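Please read it alongside the sequence and coordinates.

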Amino acid sequence: MAASSHNPFPRSPNPSNRSYDSSSVSSATSPRPQVQLLGNLMGSNARSSTTQTPQPIGIPPLPPGPQSGFQPYTPVTATSVMGRDSLPPTESVASTPGLTSAQLSANVSAQKRAYRQRRKDPSCDACRERKVKCDATETTSCSECSSRNVKCQFTKETNRRMSSIKQVQDLEKQIERVRRENSNLRRTLAERGEHMDVDTEGAEQSPQQLIPDLNSEPKRRKRPTPLLQDPSRARTAFRNFSKGVLKPPAPYRQPQNALATFEHPRPPLPLKATVDKLLHTYYGAAHIMMPILHWPTLQHQVEELYQNTTDLQRVPISWHSMFFAVLAVGSLFSNDPYPDRTLRASELLEASRGLIDPWNNDFDLDNVRTSLLISLALNELNLKSAAWTWLGTAVRSAQDLDLHLEVVGVRSRVEADMRRRVWWAIYILDRTLSMELGRPFMIDDADCDVALPEPFDDHFLHTEGPVHPANAMPLTHFLHGIINIVRSFSAMRKAFSSPVIEPPRLATFDNHFIVCQKMFPEACEANNASLIAPHMLMPLSYLLSARLFLHRHNLAPGCPLEARSDAIQQCKVTAIDTANLIARTNATLADTATALLVTHIFRSTLFLLLTGCYDLASTCLRALKSIDVRRDVAVPCGRFLSFFLQILRAKQQELLAILPRSTTPGYPPQAALPDPRAIQDALLKDEELLIYVSADMQASIETAWVWIGSEREGPLTTPPSSTGGGLAHPENRTGLNAKEREEWGGWDTLLELTKGLVSGTASPAPGYASRAPTLPPIKIEQGGNIPGSGASEIGSSRNSPAAGSASGTRSTERISIANII
């Protein structure tokens, strides 16, 4: 504090950062710094040897990770104390952590002292030396110093006599003043189109600073200052003589007619009726989320293409390749039977790839669209590594065209907006795939300043500008809503670098997601009971999966037990919201579900099964059953769920045999069952089940813990890459051979297993043997008073009294835990 150079006194040039009303002055010989004084006030356990940044009263500082326990997660509301920057003096006293009742009583009694016993305001240095009365105020020097023309300053050690509470209040005022000044300065610079260069090295940014505001434009990057005179002569000469040395920025390039063009045999066109059908499905599945094409222009180009199908060489090869990629994505969402849908999509993707020049050095917008669409299709085919590779091509070719920068002077408004839409679609896929695969982002937010797309649908967007008729919705696609969701992924990835995400940071993200939720129609809210269309779940899957990713991070073994428990509960809340939305759809998800939605339903089902929400889990399983082979990732998810249900059932059997039983008057102790809550609590703490529930967290070396120690089992080697097969073979798309795809049991078996978890009579699915019980079967002697105790062994058909026995008596038999339930 003493080293600061701020001086609130206009009367004195002496460097100081203390105001008069607090008398918070000190010298180099001060026996105790103010920070230590604040620490004593905040609690008796504060360390005096550690210098800490003063915190405003009422805002508890975040505890260091290794030194304190995890605080249970509670979302921040508008009225909670976390939303305030400072408090009034009386409220600050009451909310000071560590202030005991004895200290409060002492403060009250001190305030009630007689007037003559009260401590007077301190005097300045000159008045104290002359022992005269000092009449200085916060803004003016005292009359004594003014008459003598000396500095009116407060630096003596004796002037530090004041109450600790008043000192803390002054610190609050100083912090609030600095915040207000910084805010005003940032606002002024933003209005002038500049930004404040802040050295954030060593200072962690808050989540509020990392998460962009909804629909906010990215920060503009610096541009060179234009010359006073027009350099047209130099521009012409530079363009001529820089050929082969460099390429001008994309908007200023000119077509190179002398270059040899890439020629490739053009594949035959599909039937016009087939094309119309595939374009319709593409529009309903992909275009409403990522409108990278100007739809009226595309329709016009398709009509021109089919007017003359004999001379296909007149069509630009980049557009031709993009056209086949559009049809391939549309084929994946068509209602054609399996495997015709996938086979046709594979053929269209091969046709699109064959028209791509692998040595291309001059890209256009259709080249970028083609790479993006192929990446989308491969992601839907569950070929995520291939999709990741093609996405990298899309990112680099887009950056070669400067799509990541806002360009002034583009020829038409449609072209300018299409550039923005293509870039933001690439940004969305980059963020989504990176989060799912646990890989680094390919796009850095600091490198981009392209504006958001215009909030108008394609048929309202024209070359001269948008034309919006009265009483018409200007926007029906969900691109802007998805952008606001995925822009927070950079802050989430930064939060994931910490071993545990603390509750205040979790609350910040949750509040952001709540605001993003309001951008969707009102029917999509959790407390709404109206029916929704199935295609509404596709953009919502970005929001729901982000919430699950956020809280699932705290499942790691290094997190405190309270953090892991809260993570399970928050993931359960997201899974319940997902199941309720699925239950409110007015049609099947069979032809509209994306791979992202399928994998999110799969993750939600795992948490619902673990936490005992079996009815909602059945809702998710029925949704996956309706999708089935239409998405290649669905069958592997079903196989994993079948395995998980078997493990979960075996764990329940073990706990029923191990946990103590409650006693009921009038019944033998063996007839009672353990408390269901004790069983559920034990399941939630089972480390093996938490590994299975974490699912794709184990796919990244930074988040996985199941593979730790596997190097002791054998040397780690990279397997050779498998070649051949192509897109048409299901082994490549599912990762399963024919036997594995058939023997996992099917969706009906999963539904029966889930019902068995409720009734306690689940049977093993084919291919999985039930675990042996840890204790021998319980023997019941003359259990005639046990209601419903038809005793039998596992696999026995004796579920009723034997023939010839009395109906009121029961034989002595061995009974299993499953039949007790």
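Ser 123 sits in the loop that joins α3 (101–111) to α4 (125–130), in a model that is predicted. Although it is a loop residue, Ser 123 counts as buried, because its relative accessibility of 15% falls under the 20% cut-off.

**Ser 123 and its spacing to Asp 135**
- Between Ser 123 and Asp 135 there are 8.0 Å in space, taken from C-alpha to C-alpha, while in sequence the two residues are 12 residues apart.

- Phe 238, Val 245 and Leu 246 together make a nonpolar surface patch of about 320 Å².
- Val 245, one of the residues in this patch, is found in the loop between α8 (232–241) and α9 (272–287).
- With a relative accessible area of 66%, which is over the 50% limit, Val 245 is classed as exposed.

**Ser 397 within helix α14**
- Ser 397 belongs to helix α14, which spans residues 384–400, and it counts as buried because its relative accessibility is 3%, a value under 20%.
- The side chain of Ser 397 reaches the backbone oxygen of Thr 393 at a distance of 2.8 Å.
- When residues up to four places away in sequence are not counted, Ser 397 touches Phe 363 and Val 368.

Methods: Residues numbered from 1 in each chain as written. Predicted model: local features only at pLDDT ≥ 70, side-chain atom pairs only at ≥ 80, totals over all residues. Heavy atoms only, no water. Helix = DSSP H or I, 4+ residues; strand = E, 2+ residues; numbered from the N terminus. Buried < 20%, exposed > 50% of the residue type's maximum accessible area, 1.4 Å probe, protein only. Patch = residues over 30% accessible without salt bridge, like charges linked within 9 Å, V, L, I, M, F, W, Y side chains within 5 Å. Areas by Shrake-Rupley, 256 points an atom, 1.4 Å probe, with all protein chains shown as cover. Salt bridge = Lys/Arg side-chain N within 4 Å of Asp/Glu carboxyl O. Polar contact = N/O pair within 3.5 Å; in protein donor to acceptor, adjacent residues only side chain to side chain. Contact = heavy atoms within 4.5 Å.
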